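Me: I am new to this structure and would like to learn how to read its features. Can we go through them one at a time?

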Amino acid sequence: MARKSRWSKADRKKLWKMVNDGVAEQEIRDKLAVGDKPMTAVEFAQQLKMAMVEAGQIKQSKRAKTSSGPKIYEVTNKGRLTISDFTELTGYTTGDKFSLEKPRGKSKAWRLVPVN
């Protein structure tokens, strides 16, 4: 859960105005101190970015999903299926035998079942 910022929207508006007026970063950090503790450089950068977003100077884009999804395997024209990472995915080793079962019921998934 994200924690609540120590600086309000009004504080960020002041920060953005001071930046536009050319006030030095250290001076801004001292003026926007919480209690007797000045704002750190990291906090300043975070608040400046939020102020720029609120002022409409920059836009935040939606995070692109990098989900790789299911890996796709292709059947050759001779009806062979090569799964190069089968051992890593399943733990079976070379020489293990399997049979192919038809889908059952409403399922459309074929089953690869080990043969003992």
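Reply: This is a predicted model. A place to start is the aromatic rings: the structure holds three aromatic pairs.

Me: How is a pair of aromatic rings described?

Reply: Two values are used for a pair of aromatic rings, the distance of the centres and the angle of the planes. Here, Phe-86 and Tyr-92 form a stacked pair, at 6.4 Å centre to centre and with 15° between the planes.

Me: What kind of pair do the rings of Phe-86 and Phe-98 form?

Reply: The planes of Phe-86 and Phe-98 stand at 90°, with the centres 5.5 Å apart, so this pair is edge-to-face. Phe-86 belongs to helix H4 (residues 86-90) and Phe-98 to strand E1, so the pair ties together parts that are twelve residues apart in sequence.

Me: Which residues form one aromatic cluster?

Reply: The cluster is made of Phe-86, Tyr-92 and Phe-98. As for accessibility, Phe-86 counts as partly exposed at 21% relative accessibility. Tyr-92 is also partly exposed, at 32%, and Phe-98 is partly exposed at 25%.

Me: Now to helices. Why do residues three or four places apart in an α-helix point the same way?

Reply: An α-helix has 3.6 residues a turn, so residues at that spacing point the same way. A case to look at is helix H1 (residues 9-21), which has 13 residues. From its first C-alpha to its last, H1 reaches 18 Å, close to the 18 Å expected at 1.5 Å a residue.

Me: Which residues in H1 are buried?

Reply: The buried residues in H1 are Asp-11, Arg-12, Leu-15, Trp-16 and Met-18. Seen down the axis of H1, the buried residues fall within an arc of 160°, so they line one face of the helix.

Me: What does the face of H1 turned away from its buried side carry?

Reply: That face carries exposed residues: Lys-9, Lys-13, Lys-17, Asn-20 and Asp-21.

Me: Last, the surface. Which residues make a nonpolar surface patch?

Reply: Leu-100, Trp-110 and Leu-112 make a nonpolar patch of about 360 Å². Trp-110 lies in the loop between strand E1 (98-101) and strand E2 (111-114).

Me: Is Trp-110 buried or exposed?

Reply: The cut-off for exposed is over 50% relative accessible area. Trp-110 has a relative accessible area of 51%, so Trp-110 is exposed.

Key
Residues are numbered from 1 along each chain as its sequence is written. This is a predicted model: local features need pLDDT of at least 70, side-chain atom pairs count only at pLDDT 80 or more; totals for chains, interfaces and linings use all residues. Side-chain values use heavy atoms; hydrogens and water are left out. Patches are made of residues with over 30% relative accessible area and no salt bridge: like charges are joined within 9 Å, nonpolar side chains (Val, Leu, Ile, Met, Phe, Trp, Tyr) within 5 Å. Accessible areas come from the Shrake-Rupley method with a 1.4 Å probe; for residues, only the protein chains shown count as cover. A salt bridge is a side-chain nitrogen of Lys or Arg within 4 Å of a carboxyl oxygen of Asp or Glu. Helices (H or I, at least four residues) and strands (E, at least two) are DSSP runs, numbered from the N terminus. Buried means under 20% relative accessible area, exposed over 50%, partly exposed in between (1.4 Å probe, protein chains only). Rings of Phe, Tyr and Trp (its six-membered ring) pair if their centres lie within 6.5 Å; planes under 30 degrees apart count as stacked, over 60 as edge-to-face and the rest as tilted. The expected span of a helix is 1.5 Å times one less than its number of residues. The arc is that of the directions from the helix axis to the C-beta atoms.
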